[in-house]
Amino acid sequence: MENKPTLIKQFSHTDLDGVGSALLLQAILQEQKGYVAENYLPVGYSEPGADGTIDKHVLNFIQTNEDPVTELYITDICPSDDVIAQLAAYCAENKISWHIFDHHITSVHVNENYPKNASIIVADEATNLKHSATSVLFKILVGKMPTELFQDEVWQRLANVADIIRCYDCWDWQLNPNAAYKESAAEFNNLFYFYSWDKRIELMGSVMSAGLNLLFDYSEIIAALKEKEADYVRSKSLKAQFGVLDGKTFAYTFGEQYTSVLGNALARLEHPETKKEVDFSLVLNGKGVSLRTNNDDIDLSVLAARYFNGGGHKRASGGAFAEIQYFISDSENPAAPLNLFLDVRR
């Protein structure tokens, strides 16, 4: 029987690491297997949380797909256990090879259930560097971390792009004094979000093809964005309000831009009653919520999963409110009614 032509379906997250890992996967497969643009269907990009969850996009694919897909990949975002089970069954029935590349601690358990189909790694054992989806791809498919390939003639360009993404996504540019990239990591992220969605994809593809030197062409825009970011974070921080969840204090405000930087700034604020730095911060955007902390004793991925239908990292997570009026549900007590979490007005 004649083999089917290679046809690849991808799902990924919408942020810098999500777009970067989706396009990096294509670049790696092109280098390793000679795949070309015709081998790929459009990437399905998803946000985490109730409204944007990847679950509905994967289920829609399972229920409606008519393309002769041969390979399926998910990067930087993980479906729920139930949807993964349905996907595994669908791929087995249709002879589709599939794999998940992720780095969020809330999804690590998937490795045990699907050891041949999941590479979900939070940190690298050899280098102790925290992983992003881009660096997980390098470690699994190329065999080394991006930092170990900076001088490699074949992989140098992609390794540098992958590591600047990892450096930003893991907040390495601020927390690690030995990080290969410092301010430039945040500058790349700001430039990414400066553009409309289609232009973000185009920008990432151009940087993958040309290398990081391409960013010098955007130096004036980057400088203006840096000043704008500082003004935005300063003004939003002045409007911050405070609350308590699970006995932990938090600062919160609305924010549609610079979510990570704003969240980290809020996490450094002092609670007006305790006179101590808050335990964590919330940045609200519609029903979506981004959580950040500087407190090593707090695991935000647990809070995000329990109250916000989300997940992520110990110090940085995200999710969504049950209703736009900022009600939350408690996953550990599913029978309990929704609770009004924040009675806020803009």
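Between which two elements does the loop that holds Ile 105 lie? Select Ile 105: its loop runs between β4 (97-102) and α4 (110-113). Helices (H or I, at least four residues) and strands (E, at least two) are DSSP runs, numbered from the N terminus.

Before going on, note that this is a predicted model, in which local features need pLDDT of at least 70 and side-chain atom pairs count only at pLDDT 80 or more, while totals for chains, interfaces and linings use all residues. Residues are numbered from 1 along each chain as its sequence is written, and side-chain values use heavy atoms, with hydrogens and water left out.

**Stop 1**

Ile 105 has a relative accessible area of 41%, so it is classed as partly exposed (buried is under 20%, exposed over 50%, partly exposed in between).

**Stop 2: the parallel sheet**

Now select the open sheet of 5 strands, in the order β2-β1-β3-β4-β5, with parallel pairing. Its edge strands, β2 (44-46) and β5 (118-120), each pair on one side only. The twist averages 10 degrees from one strand to the next. Two strands pair if DSSP finds at least two bridges between them.

Move to β3. Strand β1 (residues 8-13) is joined to β3 by 5 bridges, with Ile 74 as the partner of Phe 11. Strand β3 (residues 71-75) also pairs with β4 over 5 bridges, in the parallel sense; here Thr 75 has Phe 101 as its partner. Which residues of β3 point one way, and which the other? Glu 71, Tyr 73 and Thr 75 point one way, Leu 72 and Ile 74 the other, and all are buried.

**Stop 3**

Select α5 (residues 133-142), which lies across β3, β4 and β5 and runs at about 125 degrees to β4. Axes are lines fitted to C-alpha atoms, for helices over the stretch in contact, and angles run from 0 to 180 degrees between N-to-C directions; contact means heavy atoms within 4.5 Å. Among the buried residues of α5 are Val 136, Leu 137 and Phe 138. Their cover includes α1 (16-33), β3, β4, β5 and α6 (156-169). Just after α5, Gly 143 takes a positive phi of about 105 degrees.

In α6, pick Asp 163. Asp 163 is buried, with a relative accessible area of 0%. Leaving aside residues up to four places away in sequence, Asp 163 touches Pro 146, Thr 147, Phe 150, Ala 180 and Tyr 181.

**Stop 3: the mixed sheet**

Finally, select the open sheet of 6 strands, ordered β6-β7-β8-β9-β11-β10, with mixed pairing. β6 (241-245) and β10 (311-312) stand at the edges, each with a single partner strand, so one side of each has no neighbour in the sheet. Helix α12 (residues 300-307) packs on this sheet, and its direction makes about 5 degrees with that of β11 (316-320). Strands β8 (residues 280-285) and β9 (residues 288-292) run antiparallel, joined by 5 bridges; Ser 281 has Arg 292 of β9 as its partner.

Note on methods: Buried means under 20% relative accessible area, exposed over 50%, partly exposed in between (1.4 Å probe, protein chains only).
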